[in-house]
Amino acid sequence: MQRPDRSQEAVAALGLRALSGIDTAELTEEALAVIAEQLPGTRPSVEEGDGFALSVPIPGSGGPVGAIGLRTEEPREFDPGEVAFVQSVANILGAATERARAERSEGVFRELADNAPVMIWTTDPDGLVTFVNTGWLEFTGTTFEEELGESWTLGVHPDDSRRVADSWYEALAMREPWSMEYRLRARDGEFRWIVDRGVPRWSDDGEFVGYVGTASDIHERKQMEEALRRVYEREHRVAETLQRSLLPEKLPEIEGVTLAARYLPAGEGAAVGGDWYDAAELPDGRVALVVGDVVGHGLRAAAVMGQLRNAFRAYAITEASPAAIVARLNRLVMTGGEGVMATVLYLALDRDTGEVSYASAGHPPPLLLTPEGPRYLEGGRSVPVGAADIVTFREETTTMPPGSTLLLYTDGLVERRDTPLEDRLGQLAAAATASSGDMEDLCDEILQGVLGGADPADDVALLAVRPTPIDAHRLDLSLPAEPEQLARLRRRLSRFLHAVGASDEEAYEVTLTISEAAGNAIEHAYGPGDASFRVQAVVENGEIVVVVRDSGQWRDPRGHAPTGGGRGRGLSIIEGLMENVEIVREAHGTTVRMRRRLRAAVEA
Amino acid sequence: MSTSAEIAIEREGGTVVARLNGEVDMTNASYVGDELTRAVPNDAVGLVIDLSGTRYLDSAAIELLFELARRLQRRRQQLRLALPSDSPLRRVLLLTDIASAAPVYDSVREALSDG
């Protein structure tokens with residue numbers, strides 16, 4: 001059974017909890033529990049102290065507001081991935097704390113507003129202050145005389161006085177209403193924000209007699225706006241962090257295909273989007289690729305994107321058809337509620353036959369670059385996921401000619417208000433076809449050709465896939481003698497045996513015997529990196545001939561093998577399934593030679 | 001890239017039916033064995049393992065089937081295997097004589113209906 005790494009999922013779930021508005025203390029407890037669960041053997045805490053094996057700051061607008069510290073039973077190092085995970089959790093706590101603070105401030109503001117004295121002033125036609133009320137004097141703590149004439153300006157904050165003076169004298173000259181927010185020194189000596197409004201007055205004879213104005217203390221409101229702005233910025237950064245942590249750092253290395261990808265966040269000022277891409281090898285030997293775009297921005301989109309990415313990996317393993325997988329993603333998003341939608345393109349590729357089946361839920365069509373020219377794969381289209389409960393998701397199958405490359409991307413690459421979509425798709429095809437370099441060059445040249453160096457308005461994700469041809473005549477493979485390599489060995493053998501025309505039964509039996517031959521080295525290697533095994537296979541005269549060399553010693557099956565019947569059974573399997581088995585045990589290692597007829601073998 | 005297997009458990013009267021999908025080799029054999037043992041309560045008559053969705057078994061996996069048969073027998077429960085006649089695994093399983101420890105049937109239905 002596979003044990004998936006759940007730290008990304010945990011971070012996404014915590015982010016959603018923070019958004020749901022739970023109490024900060026509760027969120028902190030949950031955050032610490034998540035860390036303890038993902039990093040067993042650690043005791044996380046937000047208490048001050050020392051002796052922490054790892055300490056990570058909780059960010060705040062004016063600097064760190066605390067730290068998450070981890071204590072461990074035994075001394076231990078944390079790898080960059082683990083530190084990044086704890087930092088992600090700290091960022092979420094920081095954002096939630098900031099928001100809670102802003103909300104408390106709002107409460108204080110309301111209370112003040114109810115009791116706030118109104119400040120009133122008047123001027124003569126030359127703009128000189130002739131009267132201020134007690135409310136003003138209570139605010140400033142000055143005397144009546146000190147506020148008359150122009151001297152009221154002395155209380156204005158130096159950074160605001162130019163702005164206040166310029167706008168006031170301009171309005172005065174035009175005898176127009178005036179309004180300004182600025183800082184005025186209050187009775188405690190500190191500057192507070194006020195909003196000041198003045199209107200011109202005329203006598204009954206139509207003569208201009210000066211201004212009358214009122215001012216209000218808006219200090220708490222101003223501060224709250226500031227805090228909210230910082231919270232938004234921080235939320236934006238948390239969403240970015242979340243999204244970055246959820247994107248694969250580098251794509252997995254998948255044997256038989258070359259992958260390259262690019263992710264470009266939207267330009268400064270645009271909200272963080274929910275684009276993602278991923279690639280995985282399926283148990284049946286095909287390669288699954290996915291690209292998606294969650295509608296909406298910020299933390300919520302990033303969290304949903306994380307859920308979809310994890311779901312893709314889980315569903316791709318169990319479902320066979322692209323339409324079924326997209327249908328399951330749809331159910332997942334629909335049960336999440338709250339009108340979240342996403343476009344998704346799922347594609348499964350057979351590396352050996354070039355067969356591609358795919359389903360697009362509202363997503364732009366993948367581009368297939370063949371030696372004969374480019375074409376878009378337009379079939380298998382349905383609505384985005386999360387749009388409706390009952391939807392028929394379609395899929396389409398086609399074949400990639402040898403030497404082709406497939407491109408998946410999100411609409412940030414091709415959506416432009418001023419240009420029709422077909423033109424942009426044409427530009428993309430042209431840029432892709434013009435490139436003659438390797439996969440990395442291809443990605444760079446596409447981005448340059450389509451975006452022209454400008455920042456995109458929406459996130460852009462680009463994933464390029466090129467199957468690499470397999471030699472159908474001989475196999476020569478060396479692998480470390482570790483149990484985890486067995487799956488890789490099977491994948492490699494499956495492709496080779498398919499290519500030489502073996503039936504499913506023959507492929508299984510040959511794969512099994514080779515794995516059993518390698519199994520001895522794997523079971524008895526002295527330590528990691530200590531041993532390796534080499535498999536060479538060739539098909540000649542309708543027979544497959546295999547040599548497996550390792551640096552271990554075969555246990556005598558009739559002796560006392562530490563794994564009981566296992567190894568003995570392995571040897572009898574080999575002898576039962578292959579026609580000529582020859583085992584040579586030498587001091588430095590063992591060589592197993594075996595051969596077997598294949599019913600429909602392709603001649604070398 | 002690692003080995004993965006999925007187990008889906010159902011109850012058919014007194015018998016537990018476990019669908020074993022995916023691949024089982026030495027890296028996950030004992031885990032799968034524990035899960036299958038855990039899936040059979042004391043009051044069950046036996047366990048049928050549906051191997052129709054199993055793509056790969058190695059000697060460690062086959063060993064676990066023998067071990068599982070022994071564990072169940074200690075509790076007076078029987079292990080049966082269901083494997084379509086055209087499964088690529090058939091010849092290998094017969095070669096190992098697993099049928100002597102756990103009878104092999106062509107389908108789950110046949111495994112359940114045989115007395």
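**The A–B interface**

Start with B:Arg91 and A:Glu509: their side chains form a salt bridge, 2.8 Å from N to O, where the rule wants a Lys or Arg side-chain nitrogen within 4 Å of an Asp or Glu carboxyl oxygen. Between chain A and chain B the count is four salt bridges.

Quick caveats: this is a predicted model, local features need pLDDT of at least 70, side-chain atom pairs count only at pLDDT 80 or more, and totals for chains, interfaces and linings use all residues. Residues are numbered from 1 along each chain as its sequence is written, chains are lettered from A and ligands numbered from 1 in the order written, and side-chain values use heavy atoms, with hydrogens and water left out.

So, what does the contact take from each chain? It's 35 residues from chain A and 27 from chain B, with contact meaning heavy atoms within 4.5 Å. Together the two chains bury about 2,800 Å², 58% of it on carbon and sulfur atoms; that's accessible area (1.4 Å probe) lost on being put together, summed over both.

**The sheet in chain A**

Next, an open, antiparallel sheet of five strands, in the order S20-S21-S22-S24-S23; strands are DSSP E runs of at least two residues, and two of them pair if DSSP finds at least two bridges. S20 (474–480) and S23 (580–586) of chain A sit at the edges with a single partner strand each, so one side of each has no neighbour in the sheet. Further in, S22 (543–550) and S24 (589–597) of chain A pair antiparallel over eight bridges.

Definitions and conventions:
Helix = DSSP H or I, 4+ residues; strand = E, 2+ residues; numbered from the N terminus.
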